[in-house]
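Here is a short note for someone opening this structure for the first time. Please keep the sequence and the model side by side while reading the points.

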Amino acid sequence: MDEKKLIYVADDDPAIREALKMFLESMGGYEVIIFEDGDLLLAEFKSRPSDLVILDVMMPGSSGFVICQELRTFSHVPVIMLTARDSDLDYQTAMDLGSDDFFTKPTSPLNVVSRVNAIFRRIKYERDAAEKRQTT
């Protein structure tokens with residue numbers, strides 16, 4: 001059996017952090033560690049990488065955009081961006097920086113769980129397909 005996937009969540013809103021943690025752990029079966037800002041997440045990631053990162057765009061310290069950009073300098077970890085800012089420019093910026101998905105808040109934590117599950121299914125499919133190509 002696979003071990004639990006580790007997810008890091010950084011958001012300055014404690015209610016959002018806790019809701020995402022609760023839903024991802026109970027509905028998705030993931031291990032979730034929450035951070036009040038992206039700088040703390042980035043420091044932890046450098047010593048103990050996670051399997052997926054969820055970042056709020058607007059946080060104290062470095063923005064989620066900055067953290068995503070920094071992660072992309074050394075990791076291909078899937079990143080989901082969350083923001084209360086609902087503009088095409090924010091979406092484009094997140095995607096240009098290497099985000100894998102983007103939500104505007106408020107959003108249902110169940111939607112986030114569904115997208116996280118889809119990302120992990122895609123990764124498993126791609127890994128299985130690559131292994132199959134190597135054995136043929």
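1. Start with Ser 99. Leaving aside neighbours within four places in sequence, Ser 99 is in contact with Cys 68, Val 79, Ile 80, Met 81 and Ala 94. The model is a predicted one. Ser 99 sits in the loop between helix H4 (88–96) and S5. Is Ser 99 buried or exposed? Its relative accessible area is 8%, under the 20% cut-off, so Ser 99 counts as buried. Its side chain also reaches the backbone oxygen of Asp 101, at 2.6 Å.

2. Next, the aromatic rings. The count comes to five aromatic pairs. One of them joins Tyr 8 and Phe 35: the ring centres are 5.2 Å apart and the planes stand at 80 degrees, so this pair is edge-to-face. The pair links distant parts of the chain. Tyr 8 belongs to strand S1 (residues 6–10) and Phe 35 to strand S2 (residues 31–35), 27 residues apart. Tyr 8 is buried, with a relative accessible area of 0%. Phe 35 is buried too, at 9%.

3. Tyr 8 has another partner. Tyr 8 and Phe 45 also form an edge-to-face pair, with 6.4 Å from centre to centre and 80 degrees between the planes. This pair again links distant parts of the chain, from Tyr 8 in strand S1 to Phe 45 in helix H2 (residues 38–47), 37 residues apart. Both Tyr 8 and Phe 45 are buried. Ring pairs join Tyr 8, Phe 35, Phe 45 and Phe 74 into a cluster.

4. Now the nonpolar cores. In soluble globular proteins, nonpolar side chains tend to be buried together. Here the largest nonpolar core has 20 residues. Which residues have the most contacts inside it? They are Tyr 8, Leu 41, Val 53, Leu 55, Leu 71, Val 79 and Met 81. S1, H2, strand S3 (52–56), helix H3 (64–71) and strand S4 (79–83) each supply at least two residues of this core. H3 gives the largest share, four residues. Apart from this core lies another, of 16 residues, among them Leu 82, Val 112, Val 116 and Phe 120.

5. Look closely at Leu 41. Not counting residues up to four places away in sequence, Leu 41 touches Tyr 8, Val 9, Ala 10, Phe 35, Val 53, Ile 54, Leu 55 and Ile 67. Ala 19 is found in helix H1. Ala 19 counts as partly exposed, at 24% relative accessibility.

6. H1 has 15 residues (14–28) and should span 21 Å at 1.5 Å a residue; its end C-alpha atoms are 20 Å apart, which agrees. Which residues of H1 are buried? They are Arg 17, Leu 20 and Leu 24. The buried residues of H1 pack against S1, S2, S3, S4 and helix H5 (109–135).

7. Check both ends of H1. At its start, a side-chain oxygen of Asp 13 comes to within 2.8 Å of the backbone nitrogen of Ala 15. Just after H1, Gly 29 takes a positive phi of about 75 degrees.

8. Helix H5 comes next. Its 27 residues should span 39 Å at 1.5 Å a residue, and its end C-alpha atoms are 39 Å apart, which agrees. Val 112, Val 113, Val 116, Ile 119 and Phe 120 are buried in H5. What covers the buried residues of H5 includes S1, H1, S3, S4 and strand S5 (101–104). Ser 108 caps the N-terminal end of H5, with a side-chain oxygen 3.1 Å from the backbone nitrogen of Leu 110.

9. One last item is a peptide bond. Most residues other than glycine have a negative phi, and most peptide bonds are trans. The bond from Lys 105 to Pro 106 is cis, with omega near 0 degrees. Pro 106 has its place in the loop between S5 and H5.

Key: Residues are numbered from 1 along each chain as its sequence is written. This is a predicted model: local features need pLDDT of at least 70, side-chain atom pairs count only at pLDDT 80 or more; totals for chains, interfaces and linings use all residues. Side-chain values use heavy atoms; hydrogens and water are left out. Rings of Phe, Tyr and Trp (its six-membered ring) pair if their centres lie within 6.5 Å; planes under 30 degrees apart count as stacked, over 60 as edge-to-face and the rest as tilted. Buried means under 20% relative accessible area, exposed over 50%, partly exposed in between (1.4 Å probe, protein chains only). A nonpolar core is a set of buried Ala, Val, Leu, Ile, Met, Phe, Trp, Tyr and Cys residues joined through side-chain atoms within 4.5 Å. Contact means heavy atoms within 4.5 Å. The expected span of a helix is 1.5 Å times one less than its number of residues. A polar contact is a pair of N or O atoms within 3.5 Å; within protein, one must be able to donate a hydrogen and the other to accept it, and residues adjacent in sequence count only if both atoms are side-chain atoms.
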